[in-house]
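Student: I would like to learn how to read a protein model, one feature at a time. May we begin?

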Amino acid sequence: MGFTGYMYAAIFLIAGLILIFQLSKENKIFYLAGGYFVLLGGWWAVDALKPAWEVFAGVPGIVFKVITGVVLVIITVMFFKINAAARKKEKNKTDSEKKGS
């Protein structure tokens, strides 16, 4: 795998830390997203350091795919809930402005 494995690990780790420490102030869902990216960076680092372990194949690969699926479902559901709440708030704001005119 060589250099690219280390590069991907670093990119995912940095992205995760940015999500956790910068964007989590905006919304708490970024803790989950950032934690996933930190996990992903660690997984890539292990794959780069110990390629014989084959962490993306077999049982470890299945575990990683299950974790990825669970995180994706949780983040997707939360995304739609947040957007629905924002649309409802905007609609209520628009309705109250029309009544005030």
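Student: In which helix is Ala86 found?

Tutor: Please keep in mind that this is a predicted model. Ala86 is found in helix H3. Its relative accessible area is 42%, and Ala86 is therefore partly exposed. The C-alpha atoms of Ala86 and Phe56 are separated by 38 Å, and these residues are 30 places apart along the chain.

Student: Which helix holds Lys91, and is Lys91 buried or exposed?

Tutor: Lys91 is also placed in helix H3. Its relative accessibility is 53%, so Lys91 counts as exposed, the cut-off being over 50%. Between Lys91 and Trp43 there are 43 Å in space, C-alpha to C-alpha, and 48 residues in sequence.

Student: How many helices and strands does the protein chain have?

Tutor: The protein chain has three helices and zero strands. Along the sequence, the pattern is α-α-α. The radius of gyration is 19 Å, whereas the globule rule gives 13 Å for 101 residues; the chain is therefore more spread out than a compact globule. The C-alpha trace spans about 70 × 25 × 15 Å along its principal axes.

Student: What share of the residues counts as buried?

Tutor: Of the 101 residues of the protein chain, 21% count as buried. The chain exposes about 7,300 Å², and carbon and sulfur atoms supply 72% of that area. Contacts may be read as well: among those with a separation of 6 or more, 52% are between residues 24 or more positions apart.

Student: How should I read the length of a helix, for example the reach of H1 from its first C-alpha to its last?

Tutor: One compares the reach with the span expected at 1.5 Å a residue. H1 has 19 residues and reaches 27 Å, close to the expected 27 Å.

Student: Which residues of H1 are buried?

Tutor: They are Gly5, Ala9, Phe12, Gly16, Leu19 and Ile20. These residues lie on the same side of H1, because they cover an arc of only 100° around the axis. The face turned away from that buried side carries the exposed residues Phe3 and Phe21. H2 is included in what covers the buried residues of H1.

Student: Which residues are buried in H2?

Tutor: The buried residues of H2 include Ile29, Ala33, Gly34, Tyr36 and Leu40. Gly41, Trp43, Trp44, Asp47 and Ala48 are buried in H2 as well.

Student: Where does Ser24 lie, and what is it in contact with, leaving aside its neighbours within four places in sequence?

Tutor: Ser24 lies in the loop between H1 and H2. With 3% relative accessibility, Ser24 counts as buried. Apart from neighbours within four places in sequence, Ser24 is in contact with Leu19, Phe30 and Tyr31.

Student: How is a pair of aromatic rings described?

Tutor: Such a pair is described by the distance of the centres and the angle of the planes. In this structure, a search of the whole finds ten aromatic pairs. In one of them, Phe12 and Phe37, the ring centres are 6.1 Å apart and the planes stand at 45°, so the pair is tilted. This pair links distant parts of the chain, since Phe12 is in helix H1 and Phe37 in helix H2, 25 residues apart.

Student: What kind of pair do Tyr36 and Phe37 form?

Tutor: Tyr36 and Phe37 form an edge-to-face pair, with 6.0 Å from centre to centre and 80° between the planes. Tyr36 has a relative accessible area of 14% and is buried, whereas Phe37, at 27% relative accessibility, counts as partly exposed.

Student: Which residues form the aromatic cluster?

Tutor: One aromatic cluster is formed by Tyr8, Phe12, Tyr36, Phe37, Trp43, Trp44, Phe56 and Phe64.

Conventions:
Residues are numbered from 1 along each chain as its sequence is written. This is a predicted model: local features need pLDDT of at least 70, side-chain atom pairs count only at pLDDT 80 or more; totals for chains, interfaces and linings use all residues. Side-chain values use heavy atoms; hydrogens and water are left out. Rings of Phe, Tyr and Trp (its six-membered ring) pair if their centres lie within 6.5 Å; planes under 30 degrees apart count as stacked, over 60 as edge-to-face and the rest as tilted. Helices (H or I, at least four residues) and strands (E, at least two) are DSSP runs, numbered from the N terminus. Buried means under 20% relative accessible area, exposed over 50%, partly exposed in between (1.4 Å probe, protein chains only). The radius of gyration is taken over C-alpha atoms; the globule rule is 2.2 Å times the number of residues to the power 0.38. Contact means heavy atoms within 4.5 Å. Accessible areas come from the Shrake-Rupley method with a 1.4 Å probe; for residues, only the protein chains shown count as cover. The expected span of a helix is 1.5 Å times one less than its number of residues. The arc is that of the directions from the helix axis to the C-beta atoms.
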